[in-house]
Amino acid sequence: WTFRNLVGVHERAKITAKGYLRGGDKLKSGDEAAVAESSGADFAQSPAVAAPAAVVQQPLPPSLQETELVLNFTGGDVPLEEELRGALSPNIQQAWLDMRPRGVVNLSAEVSYLPEQKKLSVGVQVTPQRDTVSIEPVRFPYRLDRMQGVWVYRDGHVDFHRCTAEHGAVKIATEGYCDFQPDGRWSTHLEKLSADRLRPDRDRELCQALPERLRKAVAELNPTGAINLRGNLDFEQTGSPGDPLRSRWDVRLGLQQGSLQCGGLLLENICGETLLQGGFDGKRLQSRGELVLDSLSFKDYQFTRVMGPMWIDEDLILFGSWVAQRENAAAAAGTPAQKPRLLTANLFGGTLQGEGWVAPGATPRYATSLKLTGADLARLARETMTGRQKLRGKLAATAVLTGSGRSLNALNGNGAIWLSEADVYELPVMVSLLKLLSIRAPDQNAFSDGSVAYRLEGEHIYFDRIVFHGDAISLRGKGEMNLQSQIDLTFYTLVGRGELDVPIVKEVFRGASQQLMAIHVRGTVLNPETTQEALPGVNQALQQIRGELESLK
């Protein structure tokens, strides 16, 4: 039997059909061509959509020993509604309920049935009508509108090609496939995925759609700015009610002028990429990352070429060498240990190395350790100080910081700063000191090297030791400064390079006791105010200096 030019309607949808039913006898001469024509020719020429080669034009066997029914359908203006869902197999119906599609599509379908084997095979190709189709997955309730592309289904497997969708200003494109099992299990693979203009800080629907544990991690980082996503995603569902959606990802996140909140440290103007590989198994979330950032800024300091490992899970966000420790602890037995690597960045022409961690929570905790080497003092002055500065020299520094909460009130730390080959006489504080000491500025031999030991407590910096060495005179002091650059410093002058040993202190007093004085510096870094206090006598001066030097050790 052959069937041709069958036409029917369902509401606004128009359905055409054709096909054949062949018995178990061998076809007569010429019948094979007629059956082939009936099974594919009109279907391929349907005005609704071109039929895929995988669905039609199946070759007929030379001998037909069993009955076969083949029907080809073409549908235009088919609404995605409950009646259509009810015509699908139970496992596809569950997938329909999970995805919640809406809209109007055109479709072509081939249904074949072998009665003796009770074998049913269904192939369908679907193309959405423009701007009508949307989905809103139950497990990821993020509505995607204006879907376009081609979906080809065959016996529980769906391939989709050139798929695009939108959510407001967000543009999404992908390819991939889905597999549906008779017991209700399904899996989806998205490849060549791109999502542009993601804004977690403004897109409330996106944040609410994330799994709870991932949503908490994103909330802790509080990212702002546009994010572009590229890569692959996988989703799995067991089909059992209440089971969580499992996921895996291998993506690149591109940030432009973004920001992240790492505990009490706000990182801003982030430009570059972050590579993330990880997954959520239904119980725990973990993701290994690699930072490849062009630049970021913290407190108006710009860091460039920020590179190194990171790790995100429900308990910690790790950077630098801490990542290898977590990976090695979680690795299976026999897995080669990962070599620790630090985060690296360029700062003021030098190299910054560091590591750190953030513990999310209602009151996040964090810690970091940093080391700067080879920084250019002249570049630091140009980038952070107003006016024309003529500083020269090399800068090295260390910092160990810990804190809690989202402000700097609980920030604590310590570190040191070293200057070498330096001409620092152009610093406003130094200019004031030199004038007070009647040393004509600029004196390129005024101070050539120095060091500072400091502590951080909230928004205050305490200088436990300040030392500047010069051939003519040296300065030693201590004091404090707040984050508004207000200073309160006290210096003591020493002749020559002013070593601390008692024999050298004696040299200080040899013929130069009148030069011993205390200098107080207040005001701001850029507008210091200096006052001097002469020590009233050599003996009293020696006792006071000894006491001060002991406190500076």
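Modeller: Accessible areas here come from the Shrake-Rupley method with a 1.4 Å probe. The model itself is predicted.

Colleague: What does the accessible surface of the protein come to?

Modeller: The accessible surface is about 29000 Å², and carbon and sulfur atoms hold 52% of that area.

Colleague: Turning to confidence, what is the average pLDDT?

Modeller: The average pLDDT is 80, and 77% of the residues score at least 70.

Colleague: Where is confidence lowest, and where is it highest?

Modeller: The lowest mean, 45, belongs to helix H9 (residues 502-509), whereas strand E16 (residues 343-347) has the highest, at 95. The pLDDT is also below 50 over residues 38-57, a stretch with 44 contacts in the model beyond near neighbours in sequence.

Colleague: How many contacts does the model have for residues 496-515?

Modeller: For residues 496-515, where pLDDT stays under 50, there are 35 contacts beyond four places in sequence. Where pLDDT is low, the predicted coordinates should not be read in detail.

Colleague: Let us move to the strands. How do E12 and E13 run?

Modeller: E12 (residues 265-280) and E13 (residues 285-298) run antiparallel and are joined by 11 bridges. Leu276 stands opposite Gly289 of E13. The two strands form a hairpin with 4 residues between them, and Gly282 in the turn has a positive phi of about 100 degrees.

Colleague: Which residue takes a positive phi in the hairpin of E13 and E14?

Modeller: That residue is Lys299, with a phi near 55 degrees; this hairpin has 2 residues between the strands. E13 pairs with E14 (residues 301-313) in the antiparallel sense over 12 bridges. Leu291 has Gly308 in E14 as its bridge partner.

Colleague: Why is Phe348 classed as buried?

Modeller: Phe348 is classed as buried because its relative accessible area is 5%, and the cut-off for buried is under 20%.

Colleague: With which residues is Phe348 in contact, leaving aside neighbours within four places in sequence?

Modeller: Phe348 is in contact with Tyr301, Ala375, Asp376, Arg379, Leu380, Glu383 and Thr384. Leu372 is 24 residues from Phe348 in sequence, with 9.6 Å between their C-alpha atoms.

Technical notes. Residues numbered from 1 in each chain as written. Predicted model: local features only at pLDDT ≥ 70, side-chain atom pairs only at ≥ 80, totals over all residues. Heavy atoms only, no water. Pairing = 2+ DSSP bridges. pLDDT = per-residue confidence, 0-100. Contact = heavy atoms within 4.5 Å. Buried < 20%, exposed > 50% of the residue type's maximum accessible area, 1.4 Å probe, protein only.
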